[in-house]
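This report is an introduction for a reader meeting the structure for the first time.

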Amino acid sequence: MDRADWPEILVAVHDYWNEKRGTRAMPSRDDISPTQFIKPHLSHILLADVVDGGTDFRYRLVGTQLREFFYDEPSGRLMSEVIAPFGEETVRLTLETYRGVVERCAPVRLSGAGSFYGQDPKRFDALLAPLSDDGVAVDMILGSFVFTWDHEHVFHPPLDPRLTAGVRT
């Protein structure tokens, strides 16, 4: 898999996720230690609990660089509630994207326009990776996002997440 166009933090998080899973399908939450690897990147990291098999997600941890893209403090709140101010379509697309990680039990790399998700003109690069306490069912998602303001273009069609699903190496 060619990761030459990935932001450095996404490569680092993907490598860390792979290292922690070892021979398992995915690592558990207990395998992820902010003081070990993620701490230098913590401002760009989020952890979200899977609620009711993926009907919704609850933000457990949201890094400081990511919090500025929300209207309110997201930690401890349901994703559908926190992103509701961006519109129903944004809620639907975001939950659908996270559900894709739950269904695939594999990381998903996303890249596209923030405007696709009802946000200001910016581009995003993201990695969403599953965590599982029992090695079968995804119960948490480790995410990393990098945003770049795009003053030249208001909208870029996003990379279809189905084309980059299962980026495991």
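Ser-28 counts as buried because its relative accessibility is 9%, below the 20% under which a residue is called buried. The model is a predicted one, and in it Ser-28 sits in the loop that links α1 (8–21) and α2 (34–38). Apart from its neighbours within four places in sequence, Ser-28 is in contact with Leu-131, Ser-132 and Asp-133.

Ser-111, which belongs to strand β3, is likewise buried, with a relative accessible area of 14%. The side chain of Ser-111 makes a polar contact of 3.0 Å with the side chain of Asp-125.

| Residue | Relative accessible area |
|---|---|
| Ser-28 | 9% |
| Ser-111 | 14% |

The largest nonpolar core has 42 residues, of which Phe-57, Tyr-59, Met-79, Tyr-98 and Ile-141 touch the most other members. At least two residues of this core come from each of several elements, including α1, α5 (88–104), β4 (122–131) and β5 (140–149). In soluble globular proteins, nonpolar side chains tend to be buried together. When residues up to four places away in sequence are not counted, Met-79 touches Ala-48, Asp-56, Phe-57, Tyr-59, Thr-94, Leu-95 and Tyr-98.

The strands β1 and β2 run antiparallel and are joined by six bridges, and they form a hairpin with four residues between them, where Asp-52 in the turn has a positive phi of about 50°.

Notes:
Residues numbered from 1 in each chain as written. Predicted model: local features only at pLDDT ≥ 70, side-chain atom pairs only at ≥ 80, totals over all residues. Heavy atoms only, no water. Buried < 20%, exposed > 50% of the residue type's maximum accessible area, 1.4 Å probe, protein only. Contact = heavy atoms within 4.5 Å. Core = buried A, V, L, I, M, F, W, Y, C linked by side-chain atoms within 4.5 Å. Pairing = 2+ DSSP bridges. Polar contact = N/O pair within 3.5 Å; in protein donor to acceptor, adjacent residues only side chain to side chain.
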